[in-house]
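This briefing is an introduction for a reader who meets the structure for the first time.

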Amino acid sequence: MFSTLQSVAERSEGQAAQNAIEEFYKTEHKGNIKSSFTRVIKLLSVYMDSIEMRGHSAEMTDAELLLVVSKQIIEKMSGAKSERHQLILEGIRRFNEMIERAGGTYTAEDVSELLGISTQAVGKRRRRNQLLAVRRGEHWAYPVWQFQGKKVVKGFKELLEELEGLSTAVITQFLLGTDSEYQTSRIEYLKSNGLDENLRRKARQLGAQGAR
């Protein structure tokens, strides 16, 4: 691969192209073109070791070489994007399963009836970070484990304040995950023992990490 690039770079048309580029840099388009070339060089540095040149002639023109290299980079970038997309979908699936295993969710209307307040008031509490909710299409769903009887779990609002700024997924994992010290989930500990300083400290530490 490197010998091929060197061979191309040493050709007269390669030098002519370089001269043309340098001349173009002197024009009013200097900033934009330099930025574009910088991005191209970064892409080449990332994918250089994985570009396959076997079967391609060392006598290729600059344009042919660029076509081969750019095609492979585009294919690799598309594959990476697809892989990231699959990982995101898998994360969403696991998140939803975690919530369902813990009892599922209420609608805003359910919460309104449960707490004896209007749906507008439910939305207001959500926006004020006093209730935890997840998006379900155009609507919000409220995990049932934040309620106890016909009330929000005592200390839950204060705990959310310590976790402010973190994503719903991170907060859910923190609350539903088993704490080795408590031998149960933190939300169950909160329901049984209230918000003590130890649990508040754990939440505060996580909130501080997310704020970095």
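In this predicted model, Arg126 is buried and yet has no salt bridge, since the nearest side chain of opposite charge, that of Glu109, is 11 Å away. A salt bridge would need a side-chain nitrogen of Lys or Arg within 4 Å of a carboxyl oxygen of Asp or Glu.

**Surroundings of Arg126**

- Arg126 has its place in helix 6, which covers residues 119-127.
- Leaving aside residues up to four places away in sequence, Arg126 touches Leu131, Ala133, Trp140 and Tyr142.

**Aromatic pairs**

- The structure holds three aromatic pairs, and one of them is formed by Tyr106 and Phe147, whose rings are tilted, with 5.7 Å from centre to centre and 45° between the planes.
- This pair links distant parts of the chain, as Tyr106 lies in strand 1 (residues 105-106) and Phe147 in strand 4 (residues 147-148), 41 residues apart.
- Tyr106 counts as partly exposed because its relative accessibility is 27%, whereas Phe147 is buried, with a relative accessible area of 6%.
- Another of the aromatic pairs is formed by Tyr182 and Tyr189, which are stacked, with 3.7 Å from centre to centre and 10° between the planes.

**Around Tyr182**

Key: Residues numbered from 1 in each chain as written. Predicted model: local features only at pLDDT ≥ 70, side-chain atom pairs only at ≥ 80, totals over all residues. Heavy atoms only, no water. Phe/Tyr/Trp six-rings, centres within 6.5 Å; stacked < 30°, edge-to-face > 60°. Helix = DSSP H or I, 4+ residues; strand = E, 2+ residues; numbered from the N terminus. Buried < 20%, exposed > 50% of the residue type's maximum accessible area, 1.4 Å probe, protein only. Lys, Arg positive; Asp, Glu negative; His and termini not counted. Contact = heavy atoms within 4.5 Å.
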